[in-house]
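Q: Please take a close look at a single part of this model and describe its surroundings in one connected account.

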Amino acid sequence: VAIVVTKVSVMADNANTVDVSCRIGFGTVNTPAADAAQVLLFHPGIAAGSGVVEGSGSGILGIGASNEDLRVTTEDAVSGSINIVVTYFTTDI
């Protein structure tokens with residue numbers, strides 16, 4: 001089974017006191033490096049009250065390989081939070 005991602009969004013709480021880095025991608029053990037082929041979204045510093053979106057939900061943004069999971073790495077959203085939404089489906093490979 002493979003994960004097929006169609007949209008990824010990361011929104012930062014207006015209460016955050018720091019910019020928050022976020023990296024999302026496919027991996028078997030770790031989130032891939034920021035410049036790796038398996039990365040779906042990377043932003044080095046999402047400002048408080050803003051966000052970033054990749055994909056529209058109507059097409060394929062990325063397909064994981066066999067045994068790959070969707071992995072997320074973020075910095076601490078000091079005094080606030082971030083909200084990550086992923087639209088996906090699974091398919092047999």
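A: Ala12 is in contact (heavy atoms within 4.5 Å) with Ile46, Ala47, Ala48, Gly49, Ser50, Ser81 and Ile82, leaving aside its neighbours within four places in sequence. The model is predicted: local features need pLDDT of at least 70, side-chain atom pairs count only at pLDDT 80 or more, and totals for chains, interfaces and linings use all residues. Residues are numbered from 1 along each chain as its sequence is written, and side-chain values use heavy atoms, with hydrogens and water left out.

Ala12 belongs to the largest nonpolar core, a set of 12 residues that also includes Ile46, Val52 and Cys22. Such a core consists of buried Ala, Val, Leu, Ile, Met, Phe, Trp, Tyr and Cys residues joined through side-chain atoms within 4.5 Å; buried means under 20% relative accessible area (1.4 Å probe, protein chains only). Strands β1, β2 and β3 each give two or more residues to this core, and β1 supplies the largest share, five residues. Strands are DSSP runs (E, at least two residues), numbered from the N terminus. In soluble globular proteins, nonpolar side chains tend to be buried together.

Strand β1 covers residues 2–12 and also holds Ser9. Ser9 is buried because its relative accessible area is 11%. With neighbours within four places in sequence left aside, Ser9 touches Val52, Val53, Asn83, Ile84 and Val85.

Strands β2 (residues 20–27) and β3 pair in the antiparallel sense over five bridges; pairing requires at least two DSSP bridges between two strands. Within these strands, Cys22 stands opposite His43 in β3.

Methods:
Helices (H or I, at least four residues) and strands (E, at least two) are DSSP runs, numbered from the N terminus. Buried means under 20% relative accessible area, exposed over 50%, partly exposed in between (1.4 Å probe, protein chains only).
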